[in-house]
Each structure stands twice: as C-alpha cells, then as structure tokens.
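Student: I have just opened this structure and would like to learn how to read it. Could you walk me through some of its features?

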Amino acid sequence: MFTKAVVKRPCRNMVKGISRANLGKPDYFLAIKQHGQYVKALESCGLDVTVLEADEAFADSTFIEDTCLVTPSCAVITNPGAETRNGEIHKVRTSMEEFGLPMEEIQTPGTLDGGDVMMAGNHYYVGLSQRTNREGFEQLRSILKKYKMTASAIPLTTVLHLKTGISYLENNYLLAHGKFLTLPEFQKFSILPVDEQEAYAANCIWINDQVIWPKGFPKTKKMIKEKGFNIIEVDVSEFRKLDGGLSCLSLRF
Ligand code: CIR
C-alpha cells in the first residue's frame, strides 16, 4: 500500500533535457498539462501528493525518480550517473527529510539512478546501466541489508534504465519486453509479455491495485485489463520525448 507521492513540476528548460528518443523536442505547455493529469491520477489512487517547484537549473529534474529510492524503512538519495543531473539530489534531499524516514545516500565513486531500481516486495532488482555502476549497486545492497532488505544486480545492454523494460505489478506479475522475457532471474514471476511495437508500455506503475498506464498501446492494455487490473490512462507523450516514462515522474511510498 502506498500513501504518498512526491513529484516535481517540469521546468521550461526541459526542452534541453537528455534525449535519445528521436521524437522531437517536448512542448513545455503540453508537458505541464500532462503533468497535472499525472498528479490527478496519483491522487485518484488515494495518494497524498507533494508537488515540488520546477527548477530551471536542471532540465531533467521532473524525472525525480532517479534522485531517490524510497523504501518502507528508509530513503536513499542516489548519485545520478548523468553529470548534468547529479546536482538534482540536493533539493530532493531537503524535501525528503521532511517525511522523517532515516536518510541514506550513495556516494562517489558509486553512481545510481532510481530508474534502475525495481522493488518486488522486500527485494530490489538493480540494473547496471550507463547510469548505475557496480559500486553504486554494492552500496545500495549494504544499505538495504541494514534494514533487512535484499538486492540483486541485472546487467543491462539495450535500455536506458531497468524500469524502461520491466514493471512489477504485484501479485507476482511482471510486465516485460525483449531480453527481460527470458532472463532466468525473472522466471519465478508470472510474466506479462509486451510486444516490441508497444515497448514503451513496459514502464507503468502499480499503485494500490490500480495501474497508471501510458495512453495508447492497446494490445498490452487489453492483456493487463484481462488480468483484472483497473487502468488509469495518462498521456505522457512530452516526457517520452526525453526518454522518460510514468515511473520516472514520481517517488511513491
Ligand atoms: C535522462 O536521460 O536522464 C532523462 N532524460 C530521462 C530519465 C528517465 N528516468 C527514468 O527512466 N527513471
């Protein structure tokens, strides 16, 4: 059960955010509108949503998930692997301190992006990517161990972040595409396969028995619905242009 979420409004400079999507520049005004709808979707799942102000100094700062991992026992400030994003952590740390959770942090030379961390109960899968290195993973693993949680590493080759390619939808369901479908580590899950043409839909979020879903992707949506999930659809086209998905836009806890 989640009760809270923290989001950060997109800034005008988002048009200068990191992107390899090749989908053009995002429209800031449309992004603001979509972000508002995203907040409403979180609220409709029963979450109390804290909206942090935009920060023009960091073009990608709306993708707050990468800066902090919030677990039921602690909040871990990450050390984002992209140089232009690393400074995002300072304001997020100040905001997260208000929630009273024990605070931990990943330190250089360790790097870690929250988008590489997928929670499945007490276990955390961590993608080793261009943003998250083994040292970052090892630091996270020992932090989690202190709180009786476990972690394992998943080397990545094709996707930006681990959760670009998979989402844990609770009740043992794992939505996945591409190489993730056959990874031995994931065979204990009931895998819900996503076609390559709908790969972007592999990043969605489970919140209290609802699934917040990126608008479109009818084939995968139908499969999810048939499994009995209630879907709340949100258009995140402008965030997609910056390689961002639904999960990147919030911290949920
Ligand atoms: C970046 O490259 O860092 C941003 N443009 C997108 C971050 C997406 N975050 C995520 O998947 N957790």
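**Reading the model step by step**

Tutor: Buried means under 20% relative accessible area, exposed over 50%, and partly exposed in between (1.4 Å probe, protein chains only). Phe217 also has a positive phi of about 60°, although it is not a glycine. Its place is the loop between strand 13 and helix 5.

Student: What should I know about the model itself?

Tutor: This is a predicted model, in which local features need pLDDT of at least 70 and side-chain atom pairs count only at pLDDT 80 or more, while totals for chains, interfaces and linings use all residues. Residues are numbered from 1 along each chain as its sequence is written, and side-chain values use heavy atoms, with hydrogens and water left out.

Student: Is Asn171, with its positive phi of about 45°, buried or exposed?

Tutor: Asn171 is exposed, with a relative accessible area of 57%. It lies in the loop between strand 9 (166-168) and strand 10 (173-177). Helices (H or I, at least four residues) and strands (E, at least two) are DSSP runs, numbered from the N terminus.

Student: How do I read a sheet?

Tutor: Look for paired strands: two strands pair if DSSP finds at least two bridges between them. Here three strands form an open sheet in the order 2-1-15, with mixed pairing. Strand 2 and strand 15 are the edge strands, each pairing on one side only. Strand 1 and strand 2 run parallel and are joined by five bridges; Ala5 stands opposite Val49 in strand 2. Helix 1 packs on the sheet, touching strand 1, strand 2 and strand 15, and its direction makes about 175° with that of strand 1. Contact means heavy atoms within 4.5 Å. For such angles, axes are lines fitted to C-alpha atoms, for helices over the stretch in contact, and the angles run from 0 to 180 degrees between N-to-C directions.

Student: Which residues touch the most other members of the largest nonpolar core?

Tutor: In soluble globular proteins, nonpolar side chains tend to be buried together. A nonpolar core is a set of buried Ala, Val, Leu, Ile, Met, Phe, Trp, Tyr and Cys residues joined through side-chain atoms within 4.5 Å. Of the 41 residues in the largest one, Leu42, Leu169, Leu175, Ile212 and Trp213 touch the most other members. Helix 1 gives the most to this core, with six residues. Another core, of 16 residues, lies apart from it, and includes Ile106, Leu112, Leu128 and Phe137.

Student: Which residues of helix 2 are buried?

Tutor: In helix 2 (residues 89-97) they are Ile89, Val92, Ser95 and Met96. Seen down the helix axis, these buried residues fall within an arc of 125°, so they line one face of helix 2. The arc is that of the directions from the helix axis to the C-beta atoms.

Student: Where does the side chain of Asn203 make polar contacts?

Tutor: A polar contact is a pair of N or O atoms within 3.5 Å; within protein, one must be able to donate a hydrogen and the other to accept it, and residues adjacent in sequence count only if both atoms are side-chain atoms. The side chain of Asn203 reaches the backbone oxygen of Lys163 at 2.8 Å and makes a polar contact with the side chain of Ser247 at 2.9 Å. Asn203 sits in the loop between strand 11 and strand 12 and, at 5% relative accessibility, counts as buried.
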